[in-house]
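Q: Can you walk me through this one, feature by feature?

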Amino acid sequence: MAIARRTARLNAVQALYQMEITGQGLDYILDNFTHDASLGDETEVAVECDRALFQTLVSAAIERQTQTDHMTAAVLRRDWTLAGINPILRAIFRTAGAELQSPEREPRIVIRDYLDIASAFFPKGREVGLVNGILDTMAKRIRPDAFASPT
């Protein structure tokens, strides 16, 4: 089940990236990923994907994009702009930010999975540290209860 959720998160990031780069609409992207993502071919091993989570993440990221973008911009250093960062990073922040707003999700697990995604795209870059800092700050602002110390 954890692999299926991670794959859904990765596919959601890729879908948002594709939407931004190509200008394709939500329906096309969802249809494209629902039919093609993680199915593999004869030479590949298929990877399980939680398709319902994938669709929920993409829809929530689009629905909450303005709010998530404002949260991300508020955490970025003053010399960085949301528009100036890599589109994969924007897709990660939008997807993770929307998911962190869901009370059903454990923020630490969400952050860990998106750090893994960032590491896959930026294996030697400082981007992973940026993702960690932004998502950690966002999560603590959105869900402070999840980070409260037990008394």
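A: Helices (H or I, at least four residues) and strands (E, at least two) are DSSP runs, numbered from the N terminus. Here there are seven helices and zero strands, so the elements run α-α-α-α-α-α-α from the N terminus on. Keep in mind that this is a predicted model, where local features need pLDDT of at least 70, side-chain atom pairs count only at pLDDT 80 or more, and totals for chains, interfaces and linings use all residues. Residues are numbered from 1 along each chain as its sequence is written, and side-chain values use heavy atoms, leaving out hydrogens and water.

Q: Which residues have the most contacts inside the largest nonpolar core?

A: Nonpolar side chains tend to be buried together in soluble globular proteins. A nonpolar core is a set of buried (under 20% relative accessible area, 1.4 Å probe, protein chains only) Ala, Val, Leu, Ile, Met, Phe, Trp, Tyr and Cys residues joined through side-chain atoms within 4.5 Å. In this model the largest one has 43 residues, and Phe 54, Ile 92, Phe 93, Tyr 114, Val 131 and Leu 135 have the most contacts inside it. Helix 5 (87-100) is among the elements giving two or more residues to this core, and its eight residues are the largest share.

Methods
Buried < 20%, exposed > 50% of the residue type's maximum accessible area, 1.4 Å probe, protein only.
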